[in-house]
Amino acid sequence: MSLFSLVIRELAEIEAMATAKKVITREEWEKKVSDVKVRKEDMDRLVMNFLVTEGYVDAADKFKLESGTEPDIDLATITDRMAVKRAVQSGDVEVAIERVNDLNPEILDTNPQLFFHLQQQRLIELIRKGKVDEALEFAQEELAPRGEENPSFLEELERTVALLAFEDVTNCPVGELLDISQRMKTASEVNAAILTSQSHEKDPKLPGLLKMLLWAQNQLDERAVYPRINNLSTVALEDPAV
């Protein structure tokens with residue numbers, strides 16, 4: 001049983017009681033928490049899943065040796081995936097596309113949206129460098145035909161080309177395309193596509209479980225007063241203000 005399950009069970013018990021909020025003391029809550037049994041193997045798999053998905057290859061390798069937990073993919077592929085991600089984050093989109101094709105050509109062949117976003121990022125990098133003529137030529141030859149096939153692509157292309165109409169992009173309504181956050185967004189999309197092609201979850205499981213815990217606590221807040229976890233970095237129980 002997990003802490004999430006404990007909160008859900010407590011909810012069910014309170015539902016059967018009166019409408020007044022139930023008060024659960026720290027002693028009672030800590031006893032309930034101590035009764036929750038989580039297998040070490042399950043915790044180790046959660047940690048390995050996080051390390052693999054987020055690309056911490058050295059940490060995953062070390063954790064494998066220390067815990068005996070086998071990753072569900074070849075750790076060498078993490079290095080390749082992170083090289084692609086770093087290339088996009090640094091603006092080397094052409095290098096990123098080459099590396100993706102080296103990993104698995106079907107990733108881009110079967111994902112036109114991802115390929116368009118990578119090409120869009122290439123256009124953004126040309127505009128960032130002030131290569132106006134090259135940017136216009138690239139937009140016309142590589143992106144415009146795809147925009148004609150897909151209205152959403154055309155809208156994104158128009159927003160990107162609009163950057164060229166402003167000398168001061170700080171006052172440009174689409175200036176956020178030149179932010180580093182745009183590179184990060186594209187890099188995350190590529191990372192997710194590579195993971196999916198390797199039959200691996202594109203998002204780590206641990207953050208999802210923590211979101212479920214917060215949701216369960218919010219539901220329990222309406223029916224009970226109890227020590228809750230407010231800071232996920234420390235996961236310390238905090239007494240409520242009664």
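Met184 is found in helix α11, where helices are DSSP runs of H or I with at least four residues, strands are E runs of at least two, and both are numbered from the N terminus. The model is predicted, so local features need pLDDT of at least 70 and side-chain atom pairs count only at pLDDT 80 or more, while totals for chains, interfaces and linings use all residues. Residues are numbered from 1 along each chain as its sequence is written, and side-chain values use heavy atoms, with hydrogens and water left out.

Met184 has 38% relative accessibility and therefore counts as partly exposed; buried means under 20% relative accessible area, exposed over 50%, and partly exposed in between, with a 1.4 Å probe and protein chains only.

Leaving out residues up to four places away in sequence, Thr186 touches Val88, His117, Leu118 and Gln121, contact meaning heavy atoms within 4.5 Å. Asn191 sits in helix α11 as well, which covers residues 180-197. Asn191 is buried at 8% relative accessibility, and beyond its neighbours within four places in sequence it contacts Thr53, Arg81, Met82 and Lys85.

Next come the charged pairs. The structure holds 13 salt bridges, each a side-chain nitrogen of Lys or Arg within 4 Å of a carboxyl oxygen of Asp or Glu. Asp42 takes part in one with Arg39, at 3.1 Å from N to O, and in one with Arg45, where the closest N and O atoms are 2.5 Å apart. Arg45 and Asp42 are separated by about one helical turn because they are three residues apart in helix α3 (residues 40-54). Asp42 is partly exposed at 29%, as is Arg45 at 45%.

A further salt bridge joins Arg122 and Glu94, with the closest N and O atoms 3.4 Å apart. Arg122 lies in helix α8 (residues 112-128) and Glu94 in helix α6 (residues 93-103), so the pair ties together parts that are 28 residues apart in sequence.

Elsewhere, Leu213 in helix α12 (residues 205-221) is buried, with a relative accessible area of 8%. Leu213 and Val57 are 28 Å apart, C-alpha to C-alpha, and 156 residues apart in sequence.
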